[in-house]
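Subject: Structure for your review

Hello,

Here is the structure I said I would pass on. My notes on what was found follow below it.

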Amino acid sequence: MKSFTYTITDPVGIHARPAGILVKAVKPFQSTCKITKGEKTVDLRKLMALMGMGIKCGDTVEVTIEGADEDTAAETIEKFFKENL
Amino acid sequence: MDYRKCAQEIYDLVGKRENLISAAHCATRLRLVTADNSKVNIKKLEDVDGVKGVFSSNGQLQIILGTGTVNKVYDEFLSISGMTAATKADVKAAAAKKQPLPFRMVKALGDVFVPILPAIVAAGLIMGLLEGMTKIWPDMANSGTYQIFHLFSNAAFVFLPILVAVSAARVFGGNIFLGAVIGMIMVHTDLVNAWSVAGMLEAGQQIPQADVWFGLYKINLTGYQGHVIPVIIAVWFMSFIEKRLHKIVPEMIDLFVTPLVTVLVTGYLTLTIFGPVFAQLEEWVLIGVQWVITIPWGIGAAIAGAIYPLTVVCGIHHMYNTVEIGMISNTGLNTWMPIASSANFAQGGACFAVALKTKDKKFKSMALPSSFSAFLGITEPAIFGVNLRLMKPLICGMIGGAVGAAVGSMFGIGATAYGVTGLFGFLITTKFVWQYAIMLAVSFAVSFTLSWITHKDKPREEDAEAEAPAETAAEEPALPSITCEKGKVYAPIKGNVIPSANIPDETFAAGVLGEGVGIEPELGVVYAPFDGEISSTTDTKHAIGISSPDGMELLIHVGVNTVAMEGDGFELFCAEGDTVKAGQKLMTFSIDKIKAAGYSTTTAVLITNSDDYAGLEIKEGACNPLDCVITIKE
């Protein structure tokens with residue numbers, strides 16, 4: 001299992017559009033990807049659930065990735081967070 | 001601090017009465033619903049002496065005042081604004097003050113009973129059916145299922161004092177939980193069940209007693225199962241001293257001193273004075289009734305038939321079983337049962353007439369099942385819910401009951417058992433089938449006819465009150481309710497439908513968030529596009545996620561880039577986790593403000609899990625709310 005934490009810098013947080021792009025970025029991987037903020041954890045593939053988290057700019061989230069391709073997945077997703085969120 | 005001044009300043013700053021829709025309070029906050037939140041001066045509100053904070057959430061303005069303060073400011077706020085709070089007695093009492101005392105008491109009784117009617121109707125119908133069925137199939141009483149159903153049927157009656165107490169506390173403006181405690185004290189399991197008392201006396205058992213008031217006298221430690229009046233008196237008293245104490249006790253210690261003193265004083269007085277006095281009165285009534293029915297030529301029966309419903313009001317009718325047991329063991333014929341049956345059936349008839357005649361749908365929906373319950377012999381719903389409140393049907397029912405009882409007495413009808421009346425009464429009057437039928441028919445005919453003639457719908461003030469806020473939403477016509485079909489999305493907004501690929505935003509157009517349609521809105525109101533659950537909302541209020549029970553997930557994103565407006569111009573009427581029906585208003589938004597901010601108003605309506613489906617069929621062009629705009633192909 002791989003995990004990393006990240007503090008959101010995108011001023012609108014993970015809202016509709018960023019959430020949509022994020023889900024698309026995660027979809028190709030086989031691994032289970034989860035995002036945690038506070039006590040709430042959701043599947044990164046579920047757009048509605050992700051938006052329901054209401055992640056805002058300045059929030060710190062933890063992303064965990066577990067599965068066959070977790071190494072490449074973790075690398076790509078972490079890169080995605082840094083570049084887009 | 002000066003509560004009145006604080007309330008007055010809040011009242012002025014929220015835009016006075018015309019901007020207020022409703023007011024309520026919780027432990028620390030005054031919660032106001034305003035017609036237009038923009039008219040509220042939040043900055044100045046925060047400066048009001050006593051206000052610890054202000055914020056607005058889900059269309060509700062919340063003003064933090066703190067424990068012990070908020071309720072006092074709230075009371076002042078109600079009196080300044082002249083608003084009616086459904087749960088506050090003071091305002092209602094003010095309106096009712098002009099009426100004579102007996103009318104006010106009857107009204108209070110009705111106000112207490114109406115909210116708990118569903119519970120009693122359910123219990124009453126189950127009880128009536130169950131008792132009837134065991135008379136047909138006596139073996140059923142031994143089955144486990146019967147025993148379980150029997151619990152359901154009498155739970156509401158056994159614990160009636162708790163239901164009554166909670167409701168009464170609301171009506172009289174006391175704390176409902178303290179009210180519940182008073183009710184629980186009265187049916188506490190350590191007290192002897194009121195319904196077992198007669199049996200225990202017969203068996204020669206001692207009723208446990210307790211010394212009270214320093215040995216001044218003794219009371220029987222019996223409960224008040226099925227009672228109504230003593231409970232209402234107790235809770236009325238409780239509310240009275242609770243409100244008094246709130247005024248006298250310093251705020252700092254109010255939270256523990258007031259409930260403590262209230263429960264101690266009320267509980268003690270209830271078990272030592274209100275209860276026993278009432279129990280004594282009940283006993284005298286019972287003796288009186290037994291004497292009355294010895295008057296010959298049907299006169300005694302007629303009197304008993306007339307006053308029977310009044311004893312139901314007092315909750316004494318449960319004690320008639322002792323009379324009936326006595327009759328059966330002496331003569332083998334229970335001649336009390338036809339009297340009770342006529343009285344019950346007549347109340348049902350009077351209630352039935354009101355149910356048929358009234359045009360008030362809500363009232364009708366309550367009166368109809370209440371009358372059915374009465375025909376099965378359980379009259380509480382009909383008496384408390386309908387007849388007593390209107391008074392005339394009660395009297396019509398009493399007359400019908402008197403005539404019916406007289407007829408029954410002249411036929412010499414007697415039952416061979418006890419416990420059921422009304423239609424099921426046939427089962428225990430098998431020797432008098434046609435006489436019993438005539439008796440019921442007479443009771444019904446008299447009370448129904450009288451009630452039908454005398455009943456007139458009154459214009460109800462509460463209805464006028466309820467309609468007022470609806471007018472403010474006049475520009476948003478109410479939508480007809482629709483039945484949702486699986487896999488269909490109904491237009492949430494009135495406007496022009498375009499394919500999602502044409503939405504002027506590359507993310508939406510590319511289908512990153514899913515496939516669907518764009519709507520160019522004509523009117524800034526979003527309705528639920530199907531029955532489902534709100535799965536997400538945002539602080540910026542411009543987007544709503546909703547999911548259907550069969551797994552369809554839909555995003556309604558109003559405008560493009562409107563997240564940057566940070567909620568200005570948007571108003572939400574739902575919250576995450578809410579269950580909504582198609583056509584329910586979810587959000588309003590200002591088309592002008594979006595345009596002024598330089599954004600497109602085109603609203604994305606996207607099925608975010610469209611990958612799960614084979615495809616979508618969309619209907620382009622002008623749409624009205626709830627036109628079908630997307631159909632899913634599985």
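In chain A, buried residues make up 39% of the 85 residues. Please keep in mind throughout that this is a predicted model.

Chain A

Chain A holds three helices and four strands, and along the sequence they follow the pattern β-α-β-β-α-β-α. Of the contacts in chain A with a separation of 6 or more, 70% are between residues 24 or more positions apart.

Strand 2 (residues 32–37) of chain A and strand 3 (residues 40–43) of chain A run antiparallel and are joined by four bridges. Lys34(A) has Asp43(A), in strand 3 of chain A, as its bridge partner. The two strands make a hairpin with two residues between them, and Gly38(A) in the turn has a positive phi of about 60 degrees.

The contact between the chains

Chain A contributes twelve residues to the contact and chain B contributes 16 residues. On the side of chain A that touches chain B, the elements giving two or more residues are helix 1 (16–26) and helix 2 (47–52) of chain A. Helix 1 of chain A gives the most, with five residues. By type, the residues on this side of chain A are six nonpolar, four polar and two charged.

Nonpolar cores

The largest nonpolar core has 103 residues, and Val164(B), Ala168(B), Val231(B) and Val235(B) touch the most other members. Helix 15 (residues 336–357) of chain B gives the most to this core, with 13 residues. Another core lies apart from it and has 70 residues, including Leu22(A), Phe29(A), Leu50(A) and Tyr527(B).

What does Val231(B) contact, leaving aside its neighbours within four places in sequence? The list is Pro161(B), Val164(B), Ala165(B), Ala168(B), Gly183(B), Met186(B) and Tyr224(B). Val231(B) is also among the buried residues of helix 11 of chain B, together with Pro230(B), Ile232(B), Ala234(B), Val235(B), Trp236(B), Phe237(B), Met238(B), Ser239(B) and Glu242(B). The length of helix 11 of chain B was checked as well: at 1.5 Å a residue, its 20 residues should span 28 Å, and the end C-alpha atoms are 29 Å apart, which agrees.

Two of the contacts of Val231(B), Gly183(B) and Met186(B), are buried residues of helix 9 (residues 176–186) of chain B.

Eight strands of chain B form an open sheet with antiparallel pairing, in the order 15-11-12-13-17-9-8-19. Its edge strands are strand 15 (579–580) and strand 19 (621–623) of chain B, each of which pairs on one side only. Within the sheet, strand 8 (residues 495–499) of chain B pairs with strand 9 (residues 515–521) of chain B in the antiparallel sense over five bridges. Ile498(B) stands opposite Gly518(B) in strand 9 of chain B.

Ser590(B)

Ser590(B) sits in the loop between strand 16 (585–589) and helix 22 (591–596) of chain B. It counts as partly exposed because it has 16 C-beta neighbours inside 10 Å, whereas a buried residue would need 20 or more and an exposed one 12 or fewer. Beyond its neighbours within four places in sequence, Ser590(B) is in contact with Gly524(B) and Gly569(B). Asp568(B) is 22 residues from Ser590(B) along the chain, and their C-alpha atoms are separated by 8.7 Å.

Confidence

The model scores ipTM 0.78 and pTM 0.47. Chain B averages a pLDDT of 80, and 90% of the residues score at least 70. Among the elements of chain B, helix 9 of chain B has the highest mean pLDDT (93) and helix 20 (residues 461–472) of chain B the lowest (39).

Two stretches call for caution. Residues 86–98 of chain B have a pLDDT below 50, and this stretch has twelve contacts in the model beyond near neighbours in sequence. Residues 461–476 of chain B also have a pLDDT below 50, with five such contacts. Where pLDDT is low, the predicted coordinates should not be read in detail.

Regards

Conventions
Residues are numbered from 1 along each chain as its sequence is written. Chains are lettered from A and ligands numbered from 1 in the order in which they are written. This is a predicted model: local features need pLDDT of at least 70, side-chain atom pairs count only at pLDDT 80 or more; totals for chains, interfaces and linings use all residues. A nonpolar core is a set of buried Ala, Val, Leu, Ile, Met, Phe, Trp, Tyr and Cys residues joined through C-beta atoms within 7 Å. Two residues are in contact if their C-beta atoms, placed from the backbone, lie within 7 Å. Two strands pair if DSSP finds at least two bridges between them. Ala, Val, Leu, Ile, Met, Phe, Trp, Tyr, Cys and Pro count as nonpolar, Asp, Glu, Lys and Arg as charged, and the others, Gly among them, as polar. The expected span of a helix is 1.5 Å times one less than its number of residues. pLDDT is the predictor's confidence in each residue, from 0 to 100.
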